[in-house]
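Biologist: I would like to go through some labels and see what each one rests on. Please set every value against its cut-off.

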Amino acid sequence: MERNSVSPLYAAIDLGSNSFHMWVVREVNGSVQTLAKIKRKVRLAAGLNNHNELSQDAIQRGLDCLAIFAERLQDIKPDHIRIVGTAALRTAVNANEFLSQAHSILGYPVSVIAGEEEARIIYQGVAHTSGGSDKRLVVDIGGASTEVIIGEGFDASALTSLKIGCVTWLERYFKDRYLTSVNFDAAINGAKEAIEAIIERYTQQGWETCVGASGTVQALQEIMLAQGMDEIITLPKLKRLQRQAMQYERLEDLDIEGLTLERALVFPSGLSILIALFESLQIESMTLAGGALREGLVYEMMDQMRHHDVCSRTIMSMQQRFQLDHHHADNVSDMALALLAQCSNWQLEPPAENILQAAAKLHEIGASIEFKKSGEHAAYLIKHMELPGFTRAQKNLIAELLRRHNGPLTSLPEQHALSAPSAARLLRLLRLAIILCHRRDQSCLPPFSLRMEDNKLTLLLSAKWLINNPLTRSELTQEATRQTDMGWPMVVTAQD
């Protein structure tokens, strides 16, 4: 029974204006493990008429979906369940008709949250699942509202809910289903009018990074990756996708590589809103957040999960789950970072250090399955697991680093987390750190210095130490040959 379970279940239900979502999870070793994700495209906002009345058809679509959700809720403690309604239910003048029936079906009341409260919870979802402590601009484009937030760490300093959404914009500007410049321009300009009220306050506060936490942003990223672009969203890329969409006459004809049929109907309206946000707020770039409203609801129910460094929490959870030797992992990580510190002229991108540290601390994860192909197993595990705090591209790079953490050396495939030279340099340092720490005893670590000249590495070690550690000397010599053969010159030199 659930009440006697060591690891209790939690459920977050988001009655959105476009889709209804149910997320069932449990806490395992300091991380959130997904047990079920149920989504239904209800398009509640499309049922609002000019008087903001929900149609009976829309109400029934929503109730039919809740009847599906209700079965799963029977196994979960009441205080581990949160059910919220958002913009469409805030707007509907007859929302109580839906809410009373929803309560009867679910057995629990639905809390219709205000726009600022929705923005606050979204920010908590982002903060608990996305890495970095920079001042962030967070954008979540929903079906009938768009939340725009500025925050740092776990604290939000600006919360706004704008009455623009991909479903309402679809019905207002693409109602005829034609993909014309007139429709696109009207949709973009309409969104800009709504955004105008926050421009001065938000630009004065400023931000360092921008993340998108919506289905629209996820769909855009999937399209860009499918078309060979990196995961960073920019205005030129948005304009490029707008031009691709306008090659088709009607919404029903959309056939853009990477765009799913499920997202096609609201894609142009969501794209229009995002273009308006980029132009109005002069956003330079955006990445996809790891979570949003549902994640915020869950993390606020889990006191033990709140307000921790996201990346560190993820790594610790993985180490516990796979019973890794965290002391040895820390030694390898410290060694890798010490090597990196002596290569300051490389000028790697900001995420590089975090990626190197994660790879070092998880480098033995594949051995939990089998030693012989531990690199292959590690890559598979990392690629197919959720890593809160790391973007999809960063997760893929960590996987490829671990695939090559020892043994024969092969070049990294195309990836979008770092520049190719930076990624290769992380691989070089990771492999060196693992070799230098192979005795698994911090007292056995050698004093060293690492000299860098262009792309050439010279590792200087005590002559006496090299004589006393012939296995490590042999492995380092072999590694120097492997890196040099890859076009990455390296030598190991003895010094008195």
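Modeller: Accessibility terms come before the rest: buried means under 20% relative accessible area, exposed means over 50%, and partly exposed lies in between, with a 1.4 Å probe and protein chains only. This is a predicted model, in which local features need pLDDT of at least 70 and side-chain atom pairs count only at pLDDT 80 or more, while totals for chains, interfaces and linings use all residues. Residues are numbered from 1 along each chain as its sequence is written, and side-chain values use heavy atoms, with hydrogens and water left out.

Biologist: Why is the pair of D230 and K237 called a salt bridge?

Modeller: A salt bridge is a side-chain nitrogen of Lys or Arg within 4 Å of a carboxyl oxygen of Asp or Glu. The closest N and O atoms of D230 and K237 are 2.4 Å apart, so the pair meets the cut-off. K237 has 14% relative accessibility and therefore counts as buried.

Biologist: How many salt bridges does the structure hold?

Modeller: There are 22 salt bridges. One of them joins the side chains of R294 and D14, at 3.1 Å from N to O.

Biologist: How do you know that R294 and D14 link distant parts of the chain?

Modeller: R294 is in helix α11 (residues 293–301), D14 is in strand β1 (residues 9–15), and 280 residues separate them. Helices (H or I, at least four residues) and strands (E, at least two) are DSSP runs, numbered from the N terminus. D14 has 8% relative accessibility, so D14 counts as buried.

Biologist: What does the salt bridge of K383 with E400 tie together?

Modeller: The closest N and O atoms of K383 and E400 are 2.8 Å apart. K383 lies in helix α15 (residues 374–383) and E400 in helix α16 (residues 392–403), so the pair ties together parts 17 residues apart in sequence. Salt bridges with shared partners join E376, K383, E400, R403 and R404 into one network.

Biologist: Why is α4 called roughly perpendicular to α11?

Modeller: Helix α4 (residues 115–129) and α11 pack at an angle of about 80°, with their axes 7 Å apart. Axes are lines fitted to C-alpha atoms, for helices over the stretch in contact, and angles run from 0 to 180 degrees between N-to-C directions. Roughly perpendicular covers 65 to 115 degrees, so the label applies to α4 and α11.

Biologist: Which residues does E479 touch beyond its neighbours within four places in sequence?

Modeller: E479, in helix α19, is in contact (heavy atoms within 4.5 Å) with R431, L432 and I435. Its relative accessibility is 2%, so E479 counts as buried. T477 is found in helix α19 (residues 470–485) as well, but T477 has a relative accessible area of 44% and is therefore partly exposed.

Definitions and conventions: Angles under 35 degrees count as roughly parallel, over 145 as roughly antiparallel, 65 to 115 as roughly perpendicular and the rest as oblique.
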